[in-house]
Amino acid sequence: MAKRIGLLTGGGDAPGLNAVIRAVVTSGIQKGYEMVGFLRGWKGPLEGQTVTLGIKDVYDIHRQGGTILKSSRTNPFKVENGPEKIFENLQKQDIYCLVAIGGDDTLGVAQKLHEMGMRVVGVPKTIDNDVNATDFTFGFDTAVNIDMESLDRLHTTASSHERVMVVEIMGRNAGWIALNSGIAGGAHFILVPEYPFPLDELCEKIKKRYEGGERYAIVVVAEGFKDEALDKYMKFEEKDAFGHVVLSKGMGIGQALAKHIEEETGCESRYMVMGHLQRGGTPFAFDRVLGTRFGLKAIELVEKEEFGYMVSLRGDESFKVPLTDALGTLKKVPAERYEEIKIFFG
Ligand code: F6P
């Protein structure tokens, strides 16, 4: 009888998820496994929500954004007897191994369940690109391109109205998307969560731009950037099941910073939150290809019985790394990468 492999996608969606699903399912079936999709992240195994996946179900889906398996931020360790219920449901479904596609939170759950005896293989995912032990996660490149295109467009309207345009970009703990899209889209200032940037210096430099005749500015700020002076404007009310403040719901850093800049410089300011536009829609080529390669590698790990590992990209090679290497700490923008780009600020 064919061994059954379960598959789930958890956390925020990312363009490229369907490419992983297609590759896992197609390769898995060709290698003699049966594939079972668990719906809505960890909610699927928790509540026994499944769908059978055949090659026809995933044909061509790598071109679509989102995830056909749906997603959620369910944390089974916050549910009474959550892990036990998962083991029970996997047994009912006769699941041999689970392929978990997700970021730090989803993979953290996978690792804990692995320690409790479950066969798991991880696939790293997040548009934020902050999962450790892999050079890239899929979804990041698409997000950067969407932001770059938007920044290109914002230059003309900001310039026409002689305004400061503050653009809030996703990145709760790491400023990868802000940094790369800011560089590519010609932002005049980029603020990231990893490093402080004195707001008086920012305002001074903006005033200098105006005095020098460049009477507009584009300021990119990652949603996780912090400065005490902005706290009074910000308001968040909710936390998710993993204890993170829901930054995409509330009054965020973009709005606060635009207000501060206008007050301190006298320059008319507007803010724009790129938000979920960065996660939606069709993946760019890089993410379709990376997702495909990660999916193929995941099945290779299942075949070799390399459980407790995650697929990863190093240079142009796909590798396996222990899940424990990827978890706990996030991959941050190195100080020198941020410093070197400051010559373009102003
Ligand atoms: O998945 C990462 C991420 O895109 C973060 O950059 C952002 O803070 C968060 O998801 C938003 O999540 P949600 O869609 O649940 O509000």
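Modeller: Before we start, a convention: Asp, Glu, Lys and Arg count as charged, Ala, Val, Leu, Ile, Met, Phe, Trp, Tyr, Cys and Pro as nonpolar, and the others, Gly among them, as polar. Also, this is a predicted model.

Biologist: Fine. How does the shell around the ligand split by class?

Modeller: The shell has 5 charged, 4 polar and 3 nonpolar residues.

Biologist: Which residues are around the ligand?

Modeller: Arg 73, Asp 128, Arg 172, Glu 223 and Arg 279, along with Gly 12, Gly 171, Ser 248, His 276, Ile 127, Met 170 and Val 246.

Biologist: How far is the side chain of Asp 128 from a ligand oxygen?

Modeller: An N or O atom of that Asp 128 side chain is 2.8 Å from an oxygen atom of the ligand. For Glu 223, a polar side-chain atom is 2.5 Å from a ligand oxygen.

Biologist: And what about the backbone of Gly 171?

Modeller: One of the backbone N or O atoms of Gly 171 is 3.4 Å from an oxygen atom of the ligand.

Biologist: How much of the ligand does the protein bury?

Modeller: The protein buries 85% of the 400 Å² that the ligand exposes when taken alone.

Biologist: Which pocket does the ligand sit in?

Modeller: The largest pocket.

Biologist: Changing topic, what are the domains?

Modeller: The assignment gives domain 1 (4-138 + 283-326) and domain 2 (142-275). Each of them supplies at least three residues to the shell around the ligand.

Biologist: How far apart are their C-alpha centres, and how many residues are in contact?

Modeller: The centres lie 33 Å apart. In contact are 14 residues of domain 1 and 15 residues of domain 2.

Conventions:
Residues numbered from 1 in each chain as written. Predicted model: local features only at pLDDT ≥ 70, side-chain atom pairs only at ≥ 80, totals over all residues. Heavy atoms only, no water. Near = heavy atom within 4 Å. Polar contact = N/O pair within 3.5 Å; in protein donor to acceptor, adjacent residues only side chain to side chain. Areas by Shrake-Rupley, 256 points an atom, 1.4 Å probe, with all protein chains shown as cover. 1 Å grid on protein atoms, 1.4 Å probe; cavity = no way out; pocket = protein on both sides within 12 Å on 5 of 7 lines; lining within 4 Å. Sits in = over half its atoms within 2 Å of the grid points. Domains from an automatic or database assignment. Contact = heavy atoms within 4.5 Å.
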